[in-house]
Amino acid sequence: MAPFRSILLTALLALAPTLAGAADKVTTTPVQFAKGTSSATLRGTVAGYDTVRYTVGARAGQTMTVTLAGSANASFNVYAPGVVPGQGEALGSTDETRRWTGPLPASGTYVVQVYQMRAQARRGEKAPHTLTVAIH
């Protein structure tokens with residue numbers, strides 16, 4: 001019986017990271033500007049450890065402004081093209097005014113990731129939010 005337990009324990013430990021990550025939902029939502037405009041406003045909700053990744057195409061040298069309203073539990077990070085959220089450094093993030101403005105270093109698809117801080121996520125709280133993204 002001991003060898004079977006050892007094999008079972010090894011298999012469960014190997015699957016643990018996969019099972020833990022499967023519980024966190026990542027939703028990707030493209031940001032689309034109406035014809036003739038340079039900004040868009042989107043509404044959403046994050047719950048627990050779930051995140052929303054808003055994607056927007058832009059060119060090097062343009063300036064992006066991101067504003068977050070709604071639940072004080074919601075925060076955001078901005079990632080440059082090719083940088084994977086959680087694996088690379090953010091280009092910008094929520095400040096005390098819940099806004100970020102900065103020049104864009106490369107052409108491509110940027111990711112604005114909206115999430116909750118760990119304490120609220122652990123309690124399973126929900127954070128309804130309104131995100132405005134502008135490119136100039």
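Predicted model: local features only at pLDDT ≥ 70, side-chain atom pairs only at ≥ 80, totals over all residues.

**Labels and their grounds**

Me: Where is the place of Arg-98?

Reply: Arg-98 lies in the loop between E6 and E7.

Me: Why is Arg-98 called buried?

Reply: Its relative accessibility is 16%. The term buried applies under 20%, so Arg-98 qualifies. The backbone of Arg-98 also has a positive phi, of about 60 degrees, although the residue is not a glycine.

Me: What makes Gly-61 exposed?

Reply: Gly-61 has a relative accessible area of 64%. A residue counts as exposed over 50%, and therefore Gly-61 is placed in that class. Gly-61 belongs to the loop between E3 and E4. Its C-alpha atom is separated by 6.0 Å from that of Pro-103, although the two residues are 42 residues apart along the chain.

Me: How do you know that Arg-123 forms a salt bridge with Glu-125?

Reply: The closest N and O atoms of Arg-123 and Glu-125 are 2.7 Å apart. The rule asks for a side-chain nitrogen of Lys or Arg within 4 Å of a carboxyl oxygen of Asp or Glu, so this pair meets it. In general, side chains of opposite charge can pair when their charged atoms come close. The count for the model comes to one salt bridge.

Me: Why are Arg-123 and Glu-125 put in separate accessibility classes?

Reply: Arg-123 has a relative accessible area of 55%, which makes it exposed because the limit for that class is over 50%. Glu-125 stands at 26%. That value falls between the 20% and 50% limits, and Glu-125 is therefore partly exposed.

Me: How many helices and strands are in the protein chain, and in what order do they run?

Reply: The protein chain holds two helices and nine strands. From the N terminus on, the order is α-β-β-β-β-β-β-β-β-α-β. Of its 136 residues, 35% are buried.

Me: How do you know that E2 and E9 pair?

Reply: Nine bridges connect E2 to strand E9 (residues 126–135), in the antiparallel sense. E4 (residues 63–70) is in turn linked to E7 by five antiparallel bridges, with Thr-65 partnered by Thr-101.

Me: What makes E2 and E7 the edge strands of their sheet?

Reply: The sheet is open, and its four strands stand in the order E2-E9-E4-E7 with antiparallel pairing. E2 (39–47) and E7 (99–103) each pair on one side only, and they are accordingly its edges. Neighbouring strands of this sheet are turned by 20 degrees against each other on average, direction ignored.

Me: Why are E1 and E6 said to stand at the edges of the other sheet?

Reply: That sheet is open as well, with five strands in the order E1-E3-E8-E5-E6 and mixed pairing. E1 (26–30) and E6 (92–93) each have a single partner strand, so one side of each is left without a neighbour in the sheet.

Me: What joins E8 to E3 and to E5?

Reply: E8 (residues 108–116) is joined to E5 (residues 74–79) by six antiparallel bridges, among them Asn-77 with Gln-113. Val-78 stands opposite Val-112. E3 and E8 pair over seven bridges, again antiparallel, and Thr-55 faces Val-111 there.

Me: What makes E8 mostly covered?

Reply: Seven of the nine residues of E8 are buried, each of them therefore under 20% relative accessible area.

Me: Which residues and elements line the largest pocket?

Reply: The largest pocket has a volume of about 320 Å³. Of its 15 lining residues, Thr-51, Arg-53, Pro-85, Gly-86 and Gln-113 are the closest to its centre. E3 (51–58) and E8 are the elements that give two or more residues to the lining, and the largest share, three residues, comes from E8. By class, the lining comprises six nonpolar, four polar and five charged residues.

Terms used. Residues numbered from 1 in each chain as written. Heavy atoms only, no water. Pairing = 2+ DSSP bridges. Axes fitted to C-alpha atoms, helices over the stretch in contact; angles between N-to-C directions. Buried < 20%, exposed > 50% of the residue type's maximum accessible area, 1.4 Å probe, protein only. 1 Å grid on protein atoms, 1.4 Å probe; cavity = no way out; pocket = protein on both sides within 12 Å on 5 of 7 lines; lining within 4 Å. Points joined across faces, edges and corners; volume = space filled by probe spheres on them. Nonpolar A, V, L, I, M, F, W, Y, C, P; charged D, E, K, R; others polar.
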